[in-house]
Amino acid sequence: MSDQPILFCPQCNHVCKTLRGLAQHTSHRPACRQKSLPILEGITCQNPAFHQSFVQLDAPHADEDMEHIWQQNDDPSAFEHPQGSPEAAHINVDSATLQSLYNHRNELDNHLSRQLADNGLVDSRTMLDTEDRQDIMLDTDESFGFQEDEAITEASTNLFDVDDEDISLQFTDRLRGQYTSEELMSLRLLKLLRAIGAPNYAYRSVMDIFADACSSKVVNSSSTFRQRDTAIRHFANRFRLHKLYPTTLTKHMNGRSYPVVLHEAEVMIQSLLKSSLMVEDNMLFPDMDNPLAPPPSSVETIADVDTGQVFRSAYGNLCTRPNDVLCPLIMYLDRICIDQHGRCSLEPGYATLGIWNVTTRNKAEAWRPLGYIPNLYLLSKNENKFRMNSLTKLRMYHEILDAMLASVVRLQSKGGIPFSFSYRGKQYNVNLKVFLMFIIGDTEGHDKLCGRYNSRALQVKRVCRHCDIPTMDCDNAFYPWKHVMPDAVHSLVASNDVEGLKAMSQHLLTNAFYNPKLDIGHNPRGIHGMTPGEPLHVVDLGLFKYGLEGFFICLGMNPKSKAPCKILMELDSMARRIGRFLSHQSDRQLPRTYFPFGVTGGTKLSGHEYQGVVLVVLIMCVMEESRLMFLSKISVTVLHQWIRLFELLLGWRYWLKKASIPRLEVEQSQLATQNLMTMFKTTVKRKHGNGSKFPKLHLPCHFSENMIDFGVIANVDSGPPESNHKPNAKAPSQHTQMRAESFEVQTAQRYVENLIIDFAADALQIDTKAVPKSAVVTPDLFRGARFVFEVSEGCEGDTNVVSFEWKSKSISEPYHQQYTDWLTRHVFSKLTPGTRVQGCTEHKRHDQYLFRAHPAYRGHNQWHDWATFDWSGSNTEESSEDRVCIPGQIVFFLEVTEEMVGIDVGGEMTIPSTGLFALIESLENPLPHPARRTELVVKGSKCLTTQQEKKRRLDGRSVRASNLFLVPVESIDQPISGIPNLGGRPGDFVFVRPVHTWSDCFSDYIAMCHGGMV
């Protein structure tokens, strides 16, 4: 703490860093000058503490005193301390000197400033450290965390002395739920400034404005919450959160020092257990009715982590007492660059709890950092070669990991965490047994954790961290590999067998996860089995990316130069058109499909965007215009192979997203995955680089065993944790000085401050989210833009005339005249003149699917959604196989009145009842059942085929009659995406089956691989 005192004004409590600044402040503000005048004229002062606030918890009517106890006291006698204070000072300054001070404020000298200090404008008991320094100790370990200032505590709240080391009292409120208006005000401001991304000094500036307003008796000021740092310290002290602050160690390596920021694992886990996420809906137990029940010996369905083999094995070894509850610890490690050049980067080690379900674990607030690995790559080329090579960095990396996991080991040595919680109306006192279950990350990061070579060259003996498959055979999906066991690697390290390690592509180092004291749930494969491959980097950024590249090479792209190619230019142009069509669909689960810069590699795409690119390319392989373009470069057989590969890759990717899968299907998926990898190799035929000998072609062969161990692949997907980097790492780092040498230290400080703000705000039930304006309650019957059809009598009195008018807004584009004519002929002609029929452009089904039917949505193109309509009748008990669901394009929605009930509509149907109906243009028959090359994308047409025309004639129907129908909205089955088949006949469409059915494509492939389907 600095020896420099805080100087503050007796009127507004403005804090100044120097005496000269304080003197200038008092001369700038008349109110502050008036308040300091009696002091400078010789009134006895005893170093008064301006604005003392006390809360007596045991006093009667304590709540009634809360409001006025924080008021500013304007009585000059309030600045006088009781008689007999040993700090009393008597200084007299005449009024002429005072006037000269304000007349010549720019010429103030240090002597006058000292006079101001001696006359009480400095409170020597509140010596706060105003310097925002982040000193990094290079020789000794230090903690830069919370420093409890007794003066701050006394000046803000009279907090009782309690034992802070008592674990049961951690994260509890010292004031037992009582709060003041100033605390609420400070928290609201802290949350608001964080939400808008304001810099740290904005808090002080806002409070200064607030204090200036106090001079006119508009609002009250406070000394406790004037500074952001002191406000956060106040809430950290009140809720006993000071242990959240990390400690900083220093690692020395070849003349350089690196700060290592570490958090205490037990404190971080306790903060999760006492967070707002601990509610029944978020919990996960093997038996959801009894948290103390053991997991079953075997499971029939693979779902969350509690259905994995590792969970059941750990439970049998760790939970030996009746009240023991298994609490898996799941870590996430991944490096993230904050600035453009990578100078400021972070590699935090996050952890979350396995007693929460996967939906909760995917939230940013469900993760806590255990530490930060410093940036070991800030070296020059010469230093990288002669001072700190890759092996040296990796050894230091594991030393830092060992220090990070040390607090986990200490926690596990205590035998568990006592925890009490309420679940389904019953109180449970349990002992949480913590073990490290698995680590989420990318392929490169996982190889570092296993101590493997990071090179992908063909000269490297092995390429997989899980097994012993040789690099030259990694493209053989049926190679009989064996698992890498940690004991074998550790024995070679202990014997210093460099050649033996080289044969295994392992580095000579002490792996942090080989620590026998670290409980990993008795997983025999150790870290080599705790780093499962995940779909974001293996599938999206691996197989999808390489597969698309191979397809473009088949069309003429040069893989080395990637020079512009005419056919790829046309492909990009058509991809944009398809993307625009797909952006106006009722199926909102579709991946992003519109890429303004093309899909052939013009810009870098995110991992999740490759799913949309594959879908667009698959549609182009089916669409007539682009299909003919592709056939000018490749044969029909090759094109069919690509269609089959793309639809299987998409179906497999969405199969991996499923929340639960039958165990038998998971086991059988091993063969299907091996066949798919073989198909990928033979279809893509990658020649450049290492060809098909890359690890991401082999890692999917371990997906099946990973799902048996840890549950479905969604549990280890790095997509959600990577997205959580934004609020947990990027956002706090933006409020640092962005200096590489102290970047991790300051980021950790900002993160803990955010935790304190959130914890205090949750405890005091403060929410700064903007309250939406009260919207007009719209009936569920009408949504979107409204219109009216008005039926009036014709000129001669024998023909009804129908007029159309928009009611919601001035929309100039009407619906096509053919639809009005059809309704007039079949419905409106039978209504009484003067009847008004209302309609709308939107309808929402089951609060899930929103269907639009607009002639010019937002003044631009038309938007008419497709959906499948159930024509089976009113029998809802029919199975899905017996129902007849035909796609139809929605023209608009219409309200059917009592007068319209019973009208025969063109001999096709009779209007059965009132309610909301949809005017649709339907296909003649249902879409064909999914089959090879039509699993996800299939053609359809509003035009009649020869067979359909023949059937119509047999049924006595006109072959020229349109397929317009007025059907109740209750007949809508599900959304489906349909876009015009460019290059085909008018009325030809390409349909994309509903996204939630895509996983069935791979399920069918699994059955086919095992002889269950043809």
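Mentor: Buried means under 20% relative accessible area. Keep that cut-off at hand, as this is a predicted model.

Trainee: Are Arg-852 and Glu-842 buried or exposed?

Mentor: Arg-852 is buried, and Glu-842 is too. Their side chains form a salt bridge, 3.2 Å from N to O. Arg-852 sits in strand E17 (residues 849–854) and Glu-842 in strand E16 (residues 836–845), so the pair ties together parts ten residues apart in sequence.

Trainee: How many salt bridges does the count come to?

Mentor: The count is 36 salt bridges. One of them pairs Arg-238 with Glu-183 at 2.3 Å, N to O. Arg-238 belongs to helix H8 (residues 228–238) and Glu-183 to helix H6 (residues 181–195), so this pair ties together parts 55 residues apart in sequence. Both residues, Arg-238 and Glu-183, are buried.

Trainee: Where do Arg-957 and Glu-924 lie?

Mentor: Arg-957 is in the loop between helix H29 (946–955) and strand E25 (964–968), and Glu-924 is in the loop between strand E23 (915–922) and strand E24 (937–941). They are 33 residues apart. Their salt bridge spans 3.5 Å, N to O. Now apply the cut-off. Glu-924 has a relative accessible area of 16%, so it is buried. Arg-957, at 28%, is partly exposed.

Trainee: Which residues touch the most other members of the largest nonpolar core?

Mentor: Start with the general idea. In soluble globular proteins, nonpolar side chains tend to be buried together. Here the largest nonpolar core has 208 residues, and Phe-513, Phe-551, Ile-619 and Trp-652 touch the most other members. Beyond its neighbours within four places in sequence, Trp-652 contacts residues including Val-539, Leu-543, Pro-700 and Phe-1002. Another core, of 28 residues, lies apart from it; Val-827 and Met-909 are among them.

Conventions. Residues numbered from 1 in each chain as written. Predicted model: local features only at pLDDT ≥ 70, side-chain atom pairs only at ≥ 80, totals over all residues. Heavy atoms only, no water. Core = buried A, V, L, I, M, F, W, Y, C linked by side-chain atoms within 4.5 Å. Buried < 20%, exposed > 50% of the residue type's maximum accessible area, 1.4 Å probe, protein only. Contact = heavy atoms within 4.5 Å. Salt bridge = Lys/Arg side-chain N within 4 Å of Asp/Glu carboxyl O. Helix = DSSP H or I, 4+ residues; strand = E, 2+ residues; numbered from the N terminus.
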